[in-house]
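Please open the model in your viewer and keep the selection tool at hand.

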Amino acid sequence: MEAIWDVLSSEVTYSSAVRFAALLLFAACGEWVAERAGTLNISVEGMILAGAFAAAVGYDRFGGSVAAGLVAGCLAGVLIASVQANMSHRLPADQFVVGLTLNILVLGLGGFLDAELDPTTQRGATTDIPLLSELPLLGPALFAQPWPLYLVYPLVPLVWWLPFRTRWGLEVRAAGEYPNAADVSGLMVNQRRREAIYLAGLTSGLGGGYLVLGAIGAFEDSIVGGRGFIAIAAVIFGGWTLRGTVAGCVLFGAVVSFRLSLPQQGYDSLNTELLSALPYLVTILGMALFAHRIRPPAALARPFLRGLK
């Protein structure tokens with residue numbers, strides 16, 4: 001109990017939790033839209049990694065501009081998304097095989113290009129928001145971070161607004177729930193699904209850029225470490241609702257922060273292998289508890305072929 005109290009009373013714990021949760025939120029927000037459109041986008045991991053590498057190169061090649069790095073990260077994420085989208089919803093190839101292949105391809109290609117280009121990066125300077133950053137515990141965690149993290153604050157309401165307040169969002173949701181009926185009404189089902197994946201690539205690439213330029217400050221090919229799959233799990237954990245997805249990202253971010261904060265508080269005698277596995281154990285537990293109690297989009301992961309019931 002003393003160890004738990006020491007961790008919960010430390011500002012470092014909350015700052016780490018927010019940083020990790022922000023990465024998951026960048027990726028999970030776009031993935032939530034893609035899954036509402038009927039696509040289980042396994043290539044989130046590759047999108048984040050591609051965005052992280054492109055952001056590092058953009059930062060290095062454009063005179064240390066964080067903004068240029070983030071734009072490059074977004075473009076790289078969309079590039080991976082375009083491969084996923086067109087192979088899954090134009091050819092169509094199996095979306096799971098395409099996603100796993102892209103993840104492996106980006107991992108190998110990122111490691112090779114990193115050794116060739118060797119981009120130099122650093123984390124952006126901390127930007128304090130007056131008054132709010134002075135709040136105890138949560139103030140520094142939420143309002144005294146590098147500025148790329150603050151992009152997640154408008155991103156969440158924007159991603160909610162798109163599916164529920166625009167015609168495009170209505171068509172995206174129809175593609176995920178009633179694709180045959182949507183097709184009869186003249187909706188281009190696979191086109192909407194591709195567009196939703198592009199959005200997932202954009203937000204995941206932005207998350208990769210944030211990871212390099214707002215959280216860690218350097219690139220390596222193992223930088224993502226499976227968090228793309230945790231972002232997918234957060235969407236499922238949240239019952240395919242945005243508020244549930246946000247809650248899942250915060251929970252998983254807090255677990256990762258807890259795992260890292262224990263050794264920093266002087267509790268070095270704990271099993272390090274078990275602590276490293278803790279975020280993934282919580283992810284599996286959450287899936288086991290909640291996945292069977294919620295209803296996914298009716299056509300999730302089902303390819304749409306005209307005339308096929």
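The count comes to 1 cavity of 30 Å³ or more, a cavity being a set of points, on a 1 Å grid over the protein atoms alone, where a 1.4 Å probe fits but cannot get out. This is a predicted model, in which local features need pLDDT of at least 70 and side-chain atom pairs count only at pLDDT 80 or more, while totals for chains, interfaces and linings use all residues. Residues are numbered from 1 along each chain as its sequence is written, and side-chain values use heavy atoms, with hydrogens and water left out.

Select Phe-20, Leu-24, Arg-227, Ile-230, Phe-252, Gly-253, Val-256, Pro-279 and Thr-283, which line the largest cavity, lining residues having an atom within 4 Å of a point. The space inside the largest cavity is about 60 Å³, and its lining divides into 6 nonpolar, 2 polar and 1 charged residues. Next, colour helix 2 (11-36), helix 11 (227-237), helix 12 (242-264) and helix 13 (272-290), each of which supplies at least two of the lining residues; helix 12 gives the largest share, 3 residues.

Now move to helix 8 (residues 167-177), where the buried residues (under 20% relative accessible area, 1.4 Å probe, protein chains only) are Gly-169, Glu-171, Val-172, Ala-175, Gly-176 and Glu-177. Among what covers them are helix 2, helix 7 (152-165), helix 9 (179-184) and helix 10 (189-216).

Finally, colour by pLDDT, the predictor's confidence in each residue, from 0 to 100. The protein chain averages 88, and 90% of the residues score at least 70. Where pLDDT is low, the predicted coordinates should not be read in detail.

Methods: On a 1 Å grid over the protein atoms alone, a cavity is a set of points where a 1.4 Å probe fits but cannot get out, and a pocket is an open set with protein on both sides within 12 Å along at least five of seven lines; lining residues have an atom within 4 Å of a point. Grid points are joined across faces, edges and corners, and a volume is the space filled by probe spheres set on the points. Helices (H or I, at least four residues) and strands (E, at least two) are DSSP runs, numbered from the N terminus. Ala, Val, Leu, Ile, Met, Phe, Trp, Tyr, Cys and Pro count as nonpolar, Asp, Glu, Lys and Arg as charged, and the others, Gly among them, as polar. Buried means under 20% relative accessible area, exposed over 50%, partly exposed in between (1.4 Å probe, protein chains only). Contact means heavy atoms within 4.5 Å.
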